[in-house]
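Hello,

Here is the structure I said I would pass on. Please look it over first, and then read my notes below.

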Amino acid sequence: MLIRVNEVQDNSRRNFMGRSSGMLLSGAAIAMLAGNSHLALAAAGDPASDVGILGVALGLEHEAIAAYQLGAESGLLQKPVLDLAVLFQSHHKGHRDALIATIEKMGGKPIAAKSNADYASALGAGSLKNQTDVLTLAARLELGATNAYLGVIPSFGSRELAKVAARLAADETMHWTLLSNALGRPVPAAALSFGA
Amino acid sequence: MRIGAPHVLLSAYLALAAAQAAADPDAGRGEMLYEQRCGACHGLDANRVGPHHRGIFGRRAGSVEGFDYSAALRNARVVWNSDTLDAWLANPEALIPGQRMGYSVPDAMDRADIIAYLRWVSPKGH
């Protein structure tokens, strides 16, 4: 595996919080991701519809957090893959917290996470026998999340929230890419393979 | 060599069959599309972010046991069949205003293939 986890961790934390000097983000998008979602609301277009979509996104993040927890506790992951899984879970926790804050600021009620046992059952965690199985499940979930976030972008009334969805998709794509690398899979041969 | 009438007829038949095959919904392609487009939130047998899909044909919208639907879905008077699924996938909000699925499948052939797959995995009789 060609991953240096510490470097990935340091860089992604800086970028996620919008402090990277190389990124140009709108004030509203930075506000939401930094936890000041009331600033993002000023740009919202159709709040009720947008809250519904954000709620679905929150459901995806709850599931991803649980999936990585199940993987980490399975005893099937070895370092440095285990460290990578924990790092990716921290990204999803960051997504979750930002989504919850935004939903609440927009007057919505964030859905609560189910129990890990519920997620384990729904994801078929009982069939995971080795590290490859865990990584395969994680890669499938990350690819699904990438496509889901890309797919909802046109549905947001708020262009700022649409941009946030694009940034979430970028994180999931990064996760999928590294998981695929760990699984020894080739990169996609065709262009525009995500969100089709 | 002269091309006889049987050869011409056979060619025409094969061309027609190929065109028909291209137009018919493809459940196999639908399975791939389902995994790609729907699999983030849905599964066939387990409720996840969205409700499970096996047996969706003939089922009333918002009626899967144990799934926490929006009020819009719970109160919808829609029964899932090929037509309602096509309308839902094309524009969920247009079919059931106030629902929460922000995802759509704009291409009609993609929708038809996904619906064919859902029919294929559902119990017979619908």
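**A glycine in a loop of chain B**

B:G55 is partly exposed, because 16 other C-beta atoms lie within 10 Å; a residue counts as buried with 20 or more such atoms within 10 Å of its own C-beta, as exposed with 12 or fewer, and as partly exposed in between, with C-beta atoms placed from the backbone. This is a predicted model, in which local features need pLDDT of at least 70 and side-chain atom pairs count only at pLDDT 80 or more, while totals for chains, interfaces and linings use all residues. Residues are numbered from 1 along each chain as its sequence is written, and chains are lettered from A and ligands numbered from 1 in the order in which they are written.

B:G55 sits in the loop between α2 (27–38) and α3 (71–74) of chain B. Helices are DSSP runs of H or I with at least four residues, numbered from the N terminus. Leaving aside neighbours within four places in sequence, B:G55 is in contact (C-beta atoms, placed from the backbone, within 7 Å) with B:S122 and B:P123. The C-alpha atoms of B:G55 and B:L118 are 7.9 Å apart, although 63 residues separate the two along the chain.

**Helices α4 and α6 of chain B**

B:L118 also takes part in a helix contact: B:S82, B:L85, B:D86, B:L89 and B:A90 in α4(B) meet B:R111, B:I114, B:I115 and B:L118 in α6(B). By class, this contact has six nonpolar, one polar and two charged residues. Here Ala, Val, Leu, Ile, Met, Phe, Trp, Tyr, Cys and Pro count as nonpolar, Asp, Glu, Lys and Arg as charged, and the others, Gly among them, as polar.

The buried residues of α4 (residues 82–90) of chain B are B:L85, B:W88 and B:L89. Seen down the helix axis, they fall within an arc of 90°, so they line one face of α4(B); the arc is that of the directions from the axis to the C-beta atoms. What covers them includes α5 (92–95) and α6 (108–120) of chain B.

**Where the chains meet**

How many residues does each chain give to the contact? Chain B gives 16 residues and chain A gives 17 residues. On the side of chain B that touches chain A, six residues are nonpolar, six polar and four charged.

Regards

Methods: Contact = placed C-beta atoms within 7 Å. Helix = DSSP H or I, 4+ residues; strand = E, 2+ residues; numbered from the N terminus.
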